[in-house]
Amino acid sequence: MISGPWCADPGRRTSAPSNFGGKGSACANREGGGSGAGQGGPYVFSFELLLDAVVLGVLLGCFYAAVSLGLSVAFGLLDVPHVAHPAFLVLASYAVYVLNEFYGIDPLLAGLLITPFLFVFGLAAYRLYYETFEKRGSDAGVRGIAFFFGIAFIIEVLIILQFGVDQRSVTAPYIGKAWRIGDMRIPYRLVVAFAVAALLTTLLALYLSKTFMGRAIRAVAQDQEALRLMGANPIRIKQWAFGIATAVLGIAGALLIIVAPVDPTLDRAYIGRTFCVVVMAGLGSMTGTLVAAIILGVAESIVLTLFGASWAPAISFAMLLGVLAVRPQGLFGRRS
Amino acid sequence: MKRNGIFFWIGAAVFLIAIALMTKLITNEYPFFAGYVILQFIVLAVAWSILGGHAGYVNFGTSAFFGMGVYTAVFLFKVAGAPLLVQIVAAAGVGALMGFALGLLTLRMQGIFFSIATIALTIVIETSITNWRYVGGAAGIQLQRPPVTWPFSGYVQMLFFVQAVLVVLAVVVSRYIQNSWIGRGLQALRDDELAAECTGVPTLRLKVLACVVSGALMCAAGAPAAMYLQYADPSSAFNLNYSVSTLAMSLIGGTAHWAGPIVGAILLGTTQQLLTVTISSEVNVLVLGVMLVLFVVAAPEGLIGLLRRVRDKRREGKQ
C-alpha cells in the first residue's frame, strides 16, 4: 500500500488487500489535514490548505531524505544498482517492530541497536555483489539490477511468511499526538522524524566531507584507478561505504515505522521515492538529497491535497521520469 | 529454404495441431487454465528478449505493456462489445505505440536508468488507470464472456488456442529478427552502441523497431487475460510480478538464442503453477526470487549458455 505516511493513524490496521506498488488506498484520514475541510475527497483549495500542505511536505521531505541517504551512497557514489534498498529498509522496520512489540524498546533506540548488525550485513552484501558482478566486469549494472530485484522479492516473501501481510506499527509516547499551532495540527511523529532525519543527514554529510574515511569514499566515487595508484584498496573502501549505507537504514527503518504503519510490500512504493530523490539530487550529493527529498515531499503533499490520495503513488515516479528525461545529471550532479 | 527452417515450420505446425487436438480431446478445463498462463509467459518472455536479449536494454515495464493490453481489451469490450480478435489487434496497436515512446526514451537513457524509467512508467500508467472510473478504477471491473464461437467447445479452450497462436507468432518474429540483419545490428549496438553507430548501424531506428515489436507482442499477450479472468483490476494487471517473472524466465533460459526464453518460461511457468497449487502463491514468489538470484550469479548466460559451454567442452575433448 503506497499511501505510506499519509495513512497516518498508527495502530489502525487496515485490512485492505495490500498489494504492491500503486494502490492509492482510500486513506484520506490525515492527522495533519487542518481546518476541518471536507475529509475524504479532494480538498477545496485555499491558502491555508496550501500552507498546511507545504509545512507537512517539508517535514515529510526530511523523512524521505533519511530513507534515501543509504541509496544516495550505494547508488550515487558506488554505482551499485541497489533496487533492494527499500526492501532492506522495510526489513529494518520489522526488526524495530519486533524490538518494540516484544521488548518494549523505544523505536529510535531499537533503530540504533540494530545499526551494527546492518553494518555487518552491508559489508557481507557488498562482498557478495563484488565477487559475483563487479569482479567479472561487463554488464554488471544490468545483471546487478536483476540480482537485487531477486533479493528484494526474497525479503518481501520472508517477511510475509513470518509476519503475514497485515500492517504493523510501533508504540511510543510521541506517536498519535499532534502539536497545534493556530489552526494547524502537526503530528509529533512527523516532527520527531523531521528532527532525527535532519540530524542523520547532517551527520552523514559531515562524515563524508570531514573524516578521512568519508573523503576516501568520495574519492573512490570520483576515480577508482587513481586511488589504487595511491596505494589504497578501492574495494575495501567501497565495502566500508556500502556498510555505512546499510547501517543508516537502522534509524531510517525506525523512522519509517514511526511515520506510518509498515507492511511487507511497502518497499515497492519506496523504490520510486528513493530513486526519485537520489536521481533528482544528482548522484551522491548529500545536500542535494535533502533538497530533492523536500521537493518530493512538498509535491506529494500538494498533489494529495488537491487531487486526493489515489494519485499519490504516481508522483514520485512521474518526477523521476521527468528528471531522467530533462535533467539526468540531477540538480547537484557530479557528472555532466 | 534451409533444412533448419523446414524443421522449424513443421515444429510450429505440429505444435498448433497438438494444441487444437487438445482442445477437442480433453474435457477437464483445468489443464487449459494452467496451460494458458504458461503460454502467456512464453509470449511475454520471447517478446521481452527481443529488446532485452538482442539489444541489451533491460525493460522492467513488462507489466505496463501487459496491463495496457488487458485494459485495451476491457475498454473495447465495454464500449462496443468488441470480439476477441479485435481486442488483441487493438492491444497490439497500443503496445506498438507505447513501444515507440519507449524507443524514444532510449535516446536519453541507457543501462540502469532505462530500467528505472520503465518501472516508473509502469506505476504512472497504473495510477492513471486506477483513477479512471470508466474502466472500473481501483475496485476493478467484472466482465461477462460472450458465447463461444463454433469450432471450440468452451471459452477457455478458445483462449488457450489463441494464446498458442500468439506463441507461434512471437517465436516466428523473434527467430526472424535473430537471423536477419536486424538481430545482428541489435547485437552490435548491445556490445557497443557508439561503435555500432560509427560503422553505419542505424541504432536509433533498430532500437525503436525492437521496442515497437516487443511492446506490440507483450500487449497482445495481455489482451486475452481480461476474458480469461472475467475480471480486471489495476493492481493485478500491472503487478510487478509480471515484469520480474518475465525477466527471470528470459535470463534463466538464456537470451542468446530465440529458444532460451521458451525454455525458461516453460520451466519457471510450470514450477510456479505447481507451487501455487500445491503450496501457496507466496512460496511461488520466493522461488522466483531465489531462482533469479541463483541464475544471475551462477549461470549468467542461462540454460542455453550452459548447454553451449558443455557442448564446446565435449568438442574440445574430441579434438
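Over all chains, the structure holds four salt bridges, a salt bridge being a side-chain nitrogen of Lys or Arg within 4 Å of a carboxyl oxygen of Asp or Glu. This is a predicted model, in which local features need pLDDT of at least 70 and side-chain atom pairs count only at pLDDT 80 or more, while totals for chains, interfaces and linings use all residues. Residues are numbered from 1 along each chain as its sequence is written, chains are lettered from A in the order in which they are written, and side-chain values use heavy atoms, with hydrogens and water left out.

**Helix 3 of chain A**
- One of the salt bridges joins the side chains of E131(A) and R127(A), at 3.5 Å from N to O, and these two residues of helix 3 of chain A lie four residues apart, about one turn of the helix.
- Helices here are DSSP runs (H or I, at least four residues), numbered from the N terminus.
- Helix 3 of chain A bends by about 35 degrees at T115(A), with the proline P116(A) following within four residues; the bend is the angle between axes fitted to the seven residues ending at a residue and the seven starting there.

**Interface of chain B and chain A**
- The contact (heavy atoms within 4.5 Å) takes 39 residues from chain B and 39 residues from chain A.
- The two chains bury about 3,700 Å² between them, 80% of it on carbon and sulfur atoms, where buried area is the accessible area (1.4 Å probe) that two parts lose on being put together, summed over both.
- Across this interface, zero salt bridges are found.
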